[in-house]
Amino acid sequence: MRTDFSRINQDKAAFDDIYASDDPRAYFSVLGGLDYMIPDVAEPIVRQILAAKASATSVKPIVLDVGCSYGINAAVHRFPLTFGGLRHRYARREMRAISSETLVRLDRNFYSAWPDVGLARFIGLDVSAPAVSYATGVGLLEQGIVADLEKEPLSTESARILRSIDVIMSTGCIGYVTEKTFSKILDATEKRPWIISFVLRMFPFDSLAATFAKRGLVTERLAGATFIQRRFRDAEEFERTLATLAALGIDATGLESEGLFHADLILSRPESDARAAPLDDIVTVASGRGRPIGPRYVHVGGHEGLQVALEP
């Protein structure tokens, strides 16, 4: 049975407006204010997996970032930068006062001034034309595709761009996109790419794993570790998420119950590759625990049962 991601998404806060701007200042302001950290905690893991992929093929892989937005995954992988550091850059009053056109020009120079320490070349896919335009305009992505593959077919030109990809990655889009999107991407590829997915625990992966299996890919889930995405925006999002997890039979104790979204790491790839280098042998984990964060919504037990509190 296909999972109803749209219903689960109703439990989450909507941030559509931050992807409608011509530059990422609103994106960093809103998500940074919620201690969004998945690009930073995912990057060392992505680097380890890309190193394993490169060692198997002896070429610099081409990565498709699904839900790439403003190209932040490419930025923190390719350059010695972090999401947190970039957030502070855009929060400066001088940066907030300039036009988007000026900011794009400055950012193009900013990124070109850093050494490229990345292990891959990046292209991106997103529904937001302004975000993709920015990411390609400042040089974070080599190419960008603007499409909603949940609703529309893949264009001939987009299929041409996707033909040679080696790795597909996502750090938060699963739930907004389903096996519909991934099927269209995989149908366009000439290879059987590795698929790196950081998936919030409230979104079942079964339908995607089944889709990948039909294409000869096996799926591994990293055991014993999760990856923090961000704080909950408000008590309503906190309570609804815990209810969704409980309905799925997932224990949130010590994870989402502490006021933070947690994601699983899932890797899908050809069976021969998985046998040669199991996921547990590739990855050394840094999950984001212990990072400084702002106030979190938590449950507190009392005489009247569990209550929601904001813990500093």
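Predicted model: local features only at pLDDT ≥ 70, side-chain atom pairs only at ≥ 80, totals over all residues.

Q: Which residues of α7 are buried?

A: Leu-103, Val-104, Asp-107, Phe-110 and Tyr-111 are the buried ones in α7. Looking down the axis of α7, these buried residues fall within an arc of 125°, so they line one face of the helix.

Q: And what is exposed on the other side of α7?

A: Glu-101 and Ser-112 are exposed there.

Q: Why would residues three or four places apart point the same way?

A: An α-helix has 3.6 residues a turn, so residues at that spacing, three or four places, point the same way.

Q: How far apart are the end C-alpha atoms of α7?

A: They are 18 Å apart. Helix α7 covers residues 100-112, and at 1.5 Å a residue its 13 residues should span 18 Å, which agrees.

Q: Back to Phe-110. What sits over its ring?

A: The charged end of Arg-89 does, 3.9 Å from the ring centre.

Q: OK, aromatics then. How many aromatic pairs are there?

A: The count comes to 17 aromatic pairs. One of them is Tyr-27 with Phe-28, an edge-to-face pair at 5.4 Å centre to centre with 85° between the planes.

Q: Is Tyr-27 buried or exposed?

A: Tyr-27 is buried, with a relative accessible area of 3%. Phe-28 is buried as well, at 1% relative accessibility.

Q: What about Tyr-36 and Phe-83, how are their rings placed?

A: Their centres are 5.3 Å apart and their planes are at 65°, so the pair is edge-to-face. Tyr-36 lies in the loop between α2 (25-32) and α3 (38-57), while Phe-83 is in helix α5 (residues 83-91), so the pair ties together parts that are 47 residues apart in sequence. Tyr-36 counts as buried at 13% relative accessibility, and Phe-83 counts as buried at 2%.

Q: Which residues do the ring pairs link into a cluster?

A: Tyr-19, Tyr-27, Phe-28, Tyr-36, Tyr-70, Phe-83, Tyr-90 and Tyr-134.

Q: How does β5 join β8?

A: Strand β5 (residues 194-200) runs antiparallel to β8, and six bridges join them. Ile-196 has Leu-267 as its bridge partner in β8.

Q: And how do β6 and β7 pair with β8?

A: Strand β6 (residues 217-221) pairs with β8 in the antiparallel sense over five bridges, and Arg-221 stands opposite Ile-266 in β8. Strand β7 (residues 227-231) is also antiparallel to β8, over three bridges. There, Arg-231 has Leu-260 of β8 as its bridge partner.

Q: How do side chains go in a regular strand?

A: In a regular strand the side chains alternate between the two faces of the sheet.

Q: Last one. Which residues of α11 are buried?

A: In helix α11 (residues 206-213) they are Ser-207, Leu-208, Thr-211 and Phe-212. Down the axis of α11 the buried residues fall within an arc of 135°, so they line one face of the helix.

How values were computed: Residues numbered from 1 in each chain as written. Heavy atoms only, no water. Buried < 20%, exposed > 50% of the residue type's maximum accessible area, 1.4 Å probe, protein only. Helix = DSSP H or I, 4+ residues; strand = E, 2+ residues; numbered from the N terminus. Arc of directions from axis to C-beta. Phe/Tyr/Trp six-rings, centres within 6.5 Å; stacked < 30°, edge-to-face > 60°. Lys NZ or Arg CZ within 6 Å of the ring centre and 35° of its normal. Pairing = 2+ DSSP bridges. Expected span 1.5 Å × (residues − 1).
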